[in-house]
Amino acid sequence: MLSIIISSYLPDYFSALEKNIAETIGMPYEIIKIENPGLMGICEAYNKGAKQAKFNYLLFTHEDILFKSENWGQILTSHLDKENTGIIGLAGSSYVPSAPSSWTVSEKYNYINILQGNKKNTEYFPIKTTKENRNKVFAVDGVFLGIKKENYDQFTFNEALLKGFHGYDLDFSLRVSKKFQNYVIDDILIQHFSGGNLDKNWLDANIKVREHADSGFQKDTDPETEKKAFSGFLYNFFRYYPVNRKNILLTFRFYPKKLNFKGHLELAKKYYSYIRYARSINKKLDHK
């Protein structure tokens, strides 16, 4: 039996999902709806929902989805019953870079099995990069987070660290991955109506997550992935923060160590470019 926890602020989406779950889940369940039109962060909402859960299997999911698989509840609980399983998701990554980043680190390490659409539900397209039925990952996307309650209780969502609606999934899944193995599976399919919002709040949340996350997830460092992740971080960071000595030093905290000379040189050139055009960059920020 499955407890489905939803932080809700879109009544039409919730009603459609509620009906869809009844038609597709294929097992006894409960839906715990946490009304949340900006009343609390999603970590707090999810923790409140989990406290109300009656069953030993939990699913934290967004309301802007529809299930396309039949009997998916039984499929999920079967996956969760396998030994040493932490989180079951439908999108995630098997690499954690030094720089703040979402789970979408690199096509090389991303595993996804989703029909991605838009908020108006006018079109969607399949994204399937899973290679096996159970793909080992560290980070799991928050659109679908299945976990046994006894395992959730050891971690819970970090509402002390994250007050908003970003980073909760990354922080939670990385902490869980230190004790259990997380997986992205290929035998549950959903349609998702939103692509996310990578704004300043998203950036700030990912910085907090990376500051508090442990290191040493993967055994081997991928210099190219590290370089690209850090370059992306610099680009996003200086979209919202001025180029000055304080902020440059802050970014150095996440600088990838294991690069070859060419990689270090490329990042040095990027820093030089930001410093060279600092006045122009900062002027644009002043007018935002």
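Predicted model: local features only at pLDDT ≥ 70, side-chain atom pairs only at ≥ 80, totals over all residues.
Residues are numbered from 1 along each chain as its sequence is written, and side-chain values use heavy atoms, with hydrogens and water left out. Local features need pLDDT of at least 70 and side-chain atom pairs count only at pLDDT 80 or more, whereas totals for chains, interfaces and linings use all residues.

Helices are DSSP runs (H or I, at least four residues) numbered from the N terminus. The axes of helix 6 (residues 200-212) and helix 7 (residues 223-240) come within 10 Å and cross at roughly 125°, axes being lines fitted to C-alpha atoms over the stretch in contact, with angles running from 0 to 180 degrees between N-to-C directions. Helix 6 and helix 7 are therefore oblique to each other, the term covering angles that are not under 35 degrees (roughly parallel), over 145 (roughly antiparallel) or 65 to 115 (roughly perpendicular). In this pairing, Lys 200, Trp 202, Leu 203 and Ile 207 of helix 6 meet Phe 233, Asn 236, Phe 237 and Tyr 240 of helix 7, where contact means heavy atoms within 4.5 Å.

Elsewhere, helix 5 (residues 168-177) is mostly covered, with 9 of its 10 residues buried, that is, under 20% relative accessible area (1.4 Å probe, protein chains only). Among the buried residues of helix 5 are Tyr 168, Leu 170, Phe 172 and Val 176, together with Asp 169 and Asp 171. Asn 20, which is found in helix 1 (residues 11-24), counts as buried because its relative accessibility is 9%. Leaving aside neighbours within four places in sequence, Asn 20 is in contact with Leu 66 and Phe 67.

Definitions and conventions
Helix = DSSP H or I, 4+ residues; strand = E, 2+ residues; numbered from the N terminus. Buried < 20%, exposed > 50% of the residue type's maximum accessible area, 1.4 Å probe, protein only.
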